[in-house]
Amino acid sequence: MGELDDFAPDDLAAAGAVGSKPDPGYIYPDSPLTQKSLSRWRDLKLGVIIHWGLYTAINQAGSWSLHRGHLGTFTDKPDSFLGTDSEYQDWYEHQIVNFDASQFDAEEWAEACADAGMRYLVFTTKHHDGFALYDTDYSNFKVTSEQCPVGRDLFKEISQAFRSKGLEIGVYYSKADWHHECYWDRARPLHGRFCNYSIRNKPQKWENFKRFTQQQISELLSRYGKINVLWLDAGWVAAPEEPIDIEQIGVLAQTLQPEILVVDREVHGPWEHYRTPEQEIPEDILEYPWESCITLTRSWCSMEVDEATKPMQTIIANLLAIVSRGGNYLIGFGPDEHGAMSKHIRDSLSELGSWMRVNGEGIYATRALNPKNELEAKLLQSSPVDDARWDWYFTKKSNQYYLFGAFHDSDIDKSSTHLVPEVEVELPIKIREASIMGSGSVTINRQHNDSTRLRITCAGQKYAVGIRLSIAGD
């Protein structure tokens with residue numbers, strides 16, 4: 001059993017859209033302003049998604065324990081609770097009196113994420129349970145309620161702190177709301193995660209829910225300064241079963257924030273400005289905009305004090321695989337039950353930042369190599385000469401190429417945190433010049449008309465080594 005077995009993610013397929021609807025393919029936005037925003041967003045490469053909510057008061061990683069039915073361990077109720085589903089919802093919502101942010105410091109979180117090299121934030125303003133971490137006028141199930149001891153607008157604090165550190169701000173908002181009577185009518189039986197009445201038979205009730213959704217989104221996009229992304233979750237809330245009118249939401253969002261990107265997750269269409277594979281990395285280059293959202297910890301927020309984090313070797317390898325295939329990396333974690341940051345999260349962010357300060361040149365504002373281009377296709381075929389414990393990745397920025405080598409072993413344990421001192425790699429292309437980022441050196445050991453062998457010395461470097469390449473003929 002390797003170290004990563006402790007971090008195997010829950011099966012969260014349930015969080016996306018329901019059923020196997022046909023994928024029409026990615027639809028590029030028509031608006032030049034949206035296209036410009038999308039290009040800028042693709043330059044950012046590294047972001048953070050912070051999950052936090054009422055569920056942290058009961059040491060859970062999300063509000064899925066309210067789900068009526070068993071989909072996996074992530075829908076299990078706490079072992080200490082022995083009542084019925086209906087009693088559980090009452091008990092869960094009563095945890096508003098125990099929600100604790102006494103050890104939360106937005107400035108600490110913003111500084112740690114900025115130091116890690118993260119360029120944008122997505123923050124859970126409201127999960128599926130309906131509990132708002134901001135001061136909404138349309139529900140009293142919120143962090144500023146008189147029932148809640150916090151009494152502070154947490155999204156206001158965190159958006160201001162992160163923006164002051166130069167990060168762009170994204171709003172996570174669940175289209176479902178298991179607290180709202182026009183989504184879950186508790187006078188009627190509840191099933192799974194869905195709206196529990198006939199929308200066709202009660203159209204006005206559904207209109208009331210749509211209006212509520214738009215009112216809350218309007219608050220989020222008009223009261224908290226510049227918002228760069230509206231990140232909509234609960235992909236099952238979509239036409240034809242639950243027609244939330246995404247067109248109206250998208251137009252509203254762009255009216256309030258003209259440069260905003262709208263991401264209707266897992267609902268493929270014109271309002272999914274980029275795609276968001278969850279807890280996975282695509283195997284191949286994807287030419288459309290995308291982002292892998294993957295946890296740093298076991299789950300999306302800290303389920304215990306000083307929650308452990310994945311090995312940094314894994315985080316760096318994920319980053320290189322994602323960026324070299326054309327995506328952004330959205331790293332997920334969150335506070336514990338007191339609002340505190342795990343010391344392991346703090347240490348991991350510091351270590352990630354140290355690596356990014358050396359190698360970020362080959363990460364930020366880069367793109368994947370286009371396999372349709374003959375020159376770049378040759379680069380993609382490159383392979384190490386000797387050591388099979390290396391993975392090799394390429395990125396490109398204008399006419400500058402970057403080669404990254406990540407050393408690994410089967411268990412990804414402590415022995416893999418420092419690279420072996422020297423390695424040779426042969427590229428089936430003529431290299432004009434090569435230089436290393438950070439300590440060490442790289443020399444052209446042998447060159448023919450159609451290949452170059454590089455000798456890379458990287459003593460003292462950790463996790464992955466980055467090389468700048470200038471291609472002959474460019």
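This is a predicted model: local features need pLDDT of at least 70, side-chain atom pairs count only at pLDDT 80 or more; totals for chains, interfaces and linings use all residues.

Student: How many salt bridges does the structure hold?

Tutor: There are 26 salt bridges. Another one joins the side chains of E351 and K462, at 2.7 Å from N to O. Here E351 comes from helix α8 (residues 343-359) and K462 from the loop between β14 (451-457) and β15 (464-471), so the two tie together parts that are 111 residues apart in sequence. E351 is partly exposed, with a relative accessibility of 26%, and K462 is partly exposed at 29%.

Student: Which residue does D85 meet in a salt bridge?

Tutor: The partner of D85 is K77, with 2.9 Å from N to O. D85 is partly exposed at 34%, and K77 is partly exposed at 24%.

Student: Which residues are linked in a network of salt bridges?

Tutor: The network links E422, E424 and E426 with R446, R453 and R455.

Student: Let's turn to the sheet. How should I think about the pairing of strands?

Tutor: Strands in a sheet pair through backbone hydrogen bonds, in either a parallel or an antiparallel way. In this model, four strands make an open sheet in the order β9-β10-β15-β12, with antiparallel pairing.

Student: Which strands stand at the edges?

Tutor: Those are β9 (390-397) and β12 (431-437); each has a single partner strand, so one side of each is left without a neighbour in the sheet. On average, neighbouring strands of this sheet are turned by 25° against each other, direction ignored.

Student: How many bridges join β9 to β10?

Tutor: Eight bridges connect β9 with β10 (residues 400-407), and the two run antiparallel. For a landmark in your viewer, find T395, which stands opposite Y402 in β10.

Student: Which helices lie across these strands?

Tutor: Helix α7 (residues 312-324) lies across β9, β10 and β15, running at about 45° to β9. Helix α8 lies across β10, β12 and β15, and runs at about 15° to β15.

Student: And how do I describe two helices that pack together?

Tutor: Two packed helices are described by the angle between their axes and by the distance between those axes. Take α5 (residues 203-222) and α6 (residues 246-256): they pack at an angle of about 20°, and their axes are 10 Å apart. That angle makes α5 roughly parallel to α6, since angles under 35 degrees count as roughly parallel.

Student: What is the handedness of the crossing where α5 passes α6, left-handed or right-handed?

Tutor: The crossing is right-handed.

Student: Which residues of α5 and α6 meet?

Tutor: From α5, select T213, Q214, I217, S218 and L221; these meet Q248, I249, L252, A253 and L256 in α6.

Methods: Residues are numbered from 1 along each chain as its sequence is written. Side-chain values use heavy atoms; hydrogens and water are left out. A salt bridge is a side-chain nitrogen of Lys or Arg within 4 Å of a carboxyl oxygen of Asp or Glu. Buried means under 20% relative accessible area, exposed over 50%, partly exposed in between (1.4 Å probe, protein chains only). Two strands pair if DSSP finds at least two bridges between them. Axes are lines fitted to C-alpha atoms, for helices over the stretch in contact, and angles run from 0 to 180 degrees between N-to-C directions. Contact means heavy atoms within 4.5 Å. Angles under 35 degrees count as roughly parallel, over 145 as roughly antiparallel, 65 to 115 as roughly perpendicular and the rest as oblique. A crossing is left-handed if the near helix is turned anticlockwise from the far one by less than a right angle, and right-handed if clockwise.
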